[in-house]
Amino acid sequence: MVAHEEEYERVANPVAVASLLDTLVEGGGTSLCLEGGEGRPEPIVLMEQHPDQALVLDLSSVDYLLGQLQGGASFYLTGEAQGKMLRTPMLSLTETRRSGGRFLCCSGYPAYLDVLQRREVFRAELRIGMPVVAMVSVPGQDAIQGELRDLSQRGCQLELPMTASGVLATTEVPLTLSFEFPDGTHFEIQASARHRRPDPERNLLRVGFHFGACSPEQERQIWYFVCEIERESSRYAKEHQDERQPSPLFTSPAGRANASEHIGRRDLKRYATPTARRLVKIAAFLDGQMLALQQGSDIDSRQLSLYADRLMDLHEEDREALLFACRCLSPEPLLVRHGISVAAHLLDLVGASMPRDLRKAVVASGLVHDLGKALVPQVLFKAANFEATHRQALSEHVPLLLERLESCQWLSSSIASAVVGGINERMDGSGYPNGVTGESLNELAKASAIVDVVEALRRDRSDRPAKTAQQIYRHLLSHPHQFDPRWIKRYIEHFKALPVGALVRFSNEQLAWVLRVDERGSPTEVCMAMSASAPMRDNLGRTIRGNVVEKLGRPVSEVAVST
């Protein structure tokens, strides 16, 4: 190595360069920076390297930069590997091709890497028992509470609830991070989210943040925090336990509560029913899959099989408890709770006469059917006017997802094609992605389309409020050219006029959620509602069973609530 630019050292040994690049390939934490420094670092995926020949990059996440890059714009790659910050020399694209909606590109191979060796990139890791509460302030939304996991002069890593993934994916402006140490010390700084790694088993998300411009005072404070974290962490080593004094930052005043207990985890106590709490694991898996897809991975075949089985078990235990639990997932991201609701209701509608392996394929396809939307440009969902070009771009989420499902060998391709590929098609050919007409649509695709629309219309959207079951049924019946009338009739007869999960106003003016209905569709079990809002544990009252009409009066109307 030879010194380079004061703070970097240059590595030119081919073996060392290849080893460092391999770490970037495996870690997935690579950013692209355009020459000139005008643009911020953009996260991309370094797919593979061919020493002395080329780097292979997945630039799907920065497709809006492809015009400049294909026009010859130079760029460099940066990332962290083996505890060091790496930077390539200027590179340029040599080849671009599109594969299944992904942009796979080649660049020249770097002759050397610049490696940042200064102590300021050292990441001080917090051990168990060193709680630091972190808050992420998002404009226009509630702050996200999590926990600090490591800290350096340039950034930090936080542990957040998995539900934060959807918020961070759609937020581009710098965020405000605030830390509170056990002794009460408070610190705020502007930062941008970079790399995200899900941990579905623990319902957590690890997010790396890069700090914005720091004032000299902020730099001094961060360096103090880094040193004190390292000092406190060293006390946990057996050889130092008796000789190291505790850091004042981690000395809690007498009587001060541990505010970080349960930080970064879903608060299961908030969910209204035991079944809803059991659905949280499935929600965490789907949440993590959205991130994995964005980072270039396929759908996890083993995990999808596991969670499809779990949902089927819940259905076999108590189908009505599962249907109501689907209304109790409002803390989860929209695509996640929609996928769970579609899977549960489609299974309940069509699964009775199917062999278990086909029912499982229906459930799995329903769970993931919308996750491909994580692979299309997110600006589509913010467009003020949804035009033909937007629709065409959005329709690509279907083939993109089907491609990522190919590794699920146990999943029936015909079921996946019918549910994932046919759920957005319409009888008159006005649907997507292929504009298939009624003559070519199979029965499962027709049923899936109705379940999908019902579940979508039950929730608020920017251009319309949530609808009641009766309003949804009228919508479907008034569009026989788009939806199969036979399946509309079957759906209504199966789930009834006031389905499980409907919020009903009774003649005594009280509100209650329908938990169970009899063969005629009359409520036989309801849970009193304290407000016309999504059911959570803190807004539900007592459960009434048996002769509901005698106790509450007759059902007067359904109240639309976005769930």
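1. R490 lies over the face of W487, 4.4 Å from the ring centre. A charge sits over a ring if NZ of Lys or CZ of Arg is within 6 Å of the ring centre and within 35 degrees of the ring normal. K360 and W410 give another such case: the charged end of K360 sits over the ring of W410, at 4.8 Å from its centre.

2. This is a predicted model; local features need pLDDT of at least 70, side-chain atom pairs count only at pLDDT 80 or more, and totals for chains, interfaces and linings use all residues. Residues are numbered from 1 along each chain as its sequence is written, and side-chain values use heavy atoms, with hydrogens and water left out.

3. There are eight aromatic pairs in the structure. The F187 and F225 ring centres are 5.3 Å apart and the planes stand at 75°, so this pair is edge-to-face. (Rings of Phe, Tyr and Trp, the last by its six-membered ring, pair if their centres lie within 6.5 Å; planes under 30 degrees apart count as stacked, over 60 as edge-to-face, the rest as tilted.)

4. Y473 and Y491 pair edge-to-face, 6.2 Å centre to centre, with 70° between the planes. Y473 is in helix α14 (residues 469–477) and Y491 in helix α15 (residues 485–495), so parts 18 residues apart in sequence are tied together. Helices here are DSSP runs (H or I, at least four residues), as are strands (E, at least two), numbered from the N terminus. Y473 counts as buried at 5% relative accessibility, and Y491 at 4%.

How values were computed: Buried < 20%, exposed > 50% of the residue type's maximum accessible area, 1.4 Å probe, protein only.
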